[in-house]
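Please look through the sequence and the three-dimensional structure shown below before reading on.

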Amino acid sequence: MADRITMTAEGGLTVSDEPIIPFIEGDGTGVDIWPATRMVLDAAAVRHGRRIEWLEVLAGEKAYRETGEWLPQSTVDTLASHVIGIKGPLTTPVGGGIRSLNVALRQMMDLYVCLRPVRWFPGVPSPLRHPERVDMVIFRENTEDVYAGFELEQGSREASRLIEYLHDSFGWSIRPDSGMGIKPVSVTGSKRLVRAALDYAVKRKRRSVTLVHKGNIMKYTEGAFRHWGYRVAAEEFPERAVAWEDCGDQPGDRVLVKDVIADICFQQVLTRPDEFDVIATTNLNGDYLSDALAAQVGGIGIAPGGNVNYVTGHGIFEATHGTAPRYAGQDKVNPGSLLLSGAMMFEHIGWQDAADDIVRALAATIADRVVTYDFARQMDGVRKVSTSAFAQAIVDRL
Ligand code: NAP
């Protein structure tokens, strides 16, 4: 008998061997990558005596066609009541309505961490000389910063009023023909993000957490993020983490906490990737950094992601690429991003064994040079296969 996943009073998850897991198929190539992903996830679960009861919830174009809404409230309610879920890519409706379904889901469920592991699989094309040195996990703040959506259009009455107010109250001169946006960065938002990153690093025995910020310019937002990050480490992880300036870069068996300014970080992740391990950063920095790092290890076709609230246990795991509409229904694109996101979901619910199997089988498939078109065009001597054949090849290697 299948059960819902529930939260325990201590903040853990109770997961039966037959959990009910909601899924959003996704628009565009969702019709290709979701069935492929599901096939592998099911096979990996069965190997360990488990079975998933999948529950479809609607969002995006399919929801709009069937209900007239892009993101029905029932979808958000079902995802919230079942604690976790997995989703394919969604079209962002252009011109009105919800700005982005992905952003809306993250905000409605307060999924404050965007988790993006970045690692290289042998054989995957990479522009780096030493892609094997890339093994990072990005914790990107997901709810505030300039992405919070507090924006006023140039020329609007509201923008003019704000510009006037800022002039009268603070003496700030802002060109009257400006569009306006607000960048909130809070103690609450920063500390819980860094806390999650430190907790992850400690539990998984990672070497370091690097706070990435632009605090030299934006002192009271990005600079404050850095300050609050170090405070969390000192106050909440005194035995398990240590700031570099308190240990002279000799952390012993504690997690080293350091920081780097965002622009130089983009250089160093390329030139010295082995110096980065877990990264904690604000929303906009994290968005750019995640895609830049994904490009080092095979691109968005294979980069997984999860949106998680570590206090409530809620998590939605998703393909990080978009809907790639011109390939929709062609059984062509790489299902790796959604599949690895599914493996992250398994880890999140405590199915580490099945998650490890998937990662190993995917690595073995690529090592055998069986790949989809995106890798095939960058590799020699490969067998180019369809989305579904790639998934079958992974199942064969589980
Ligand atoms: P996109 O759908 O990510 O596609 C851009 C390019 O990335 C594709 O043309 C393809 O490159 C490559 N690509 C994407 N998915 C791939 C896969 N599974 N395997 C291999 N290659 C893949 O970006 P877009 O065209 O800018 O956006 C299309 C729609 O997706 C928009 O409505 C956008 O709002 C939405 N979107 C949704 C999400 C999300 O749901 N999380 C994220 C981003 C965008 P090549 O053609 O070079 O092979």
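An oxygen atom of the ligand lies 2.6 Å from an N or O atom in the side chain of Tyr 327, which makes this a polar contact, a term that stands for a pair of N or O atoms within 3.5 Å and that, within protein, also asks that one atom be able to donate a hydrogen and the other to accept it, while residues adjacent in sequence count only if both atoms are side-chain atoms. The model is a predicted one, in which local features need pLDDT of at least 70 and side-chain atom pairs count only at pLDDT 80 or more, whereas totals for chains, interfaces and linings use all residues. Residues are numbered from 1 along each chain as its sequence is written, and side-chain values use heavy atoms, with hydrogens and water left out.

| Residue | Part of the residue | Distance |
|---|---|---|
| Tyr 327 | N or O atom in the side chain | 2.6 Å |
| Ala 324 | polar backbone atom | 2.6 Å |
| Leu 90 | polar backbone atom | 2.8 Å |

On its own, the ligand has 880 Å² of accessible area, and the protein covers 69% of it; such areas come from the Shrake-Rupley method with a 1.4 Å probe, and for residues only the protein chains shown count as cover. The ligand is surrounded by 22 residues, the closest being Gly 322, Ala 324, Arg 326, Tyr 327 and Tyr 373, where a residue is near if one of its heavy atoms lies within 4 Å.

The protein as a whole contains 14 helices and 18 strands, which are DSSP runs numbered from the N terminus (helices H or I, at least four residues; strands E, at least two). Its C-alpha atoms fill a box of roughly 65 × 55 × 50 Å along the principal axes. Of the 398 residues, 53% count as buried, meaning under 20% relative accessible area, while exposed means over 50% and partly exposed lies in between (1.4 Å probe, protein chains only).

Is Val 209 buried or exposed? Val 209 is buried, with a relative accessible area of 0%, and its place is in strand β11, residues 208-213. Leaving aside neighbours within four places in sequence, Val 209 is in contact with residues including Ala 197, Leu 198, Val 257 and Lys 258, contact meaning heavy atoms within 4.5 Å. Although Val 209 and Lys 258 are 49 residues apart in sequence, their C-alpha atoms are 6.4 Å apart in space.
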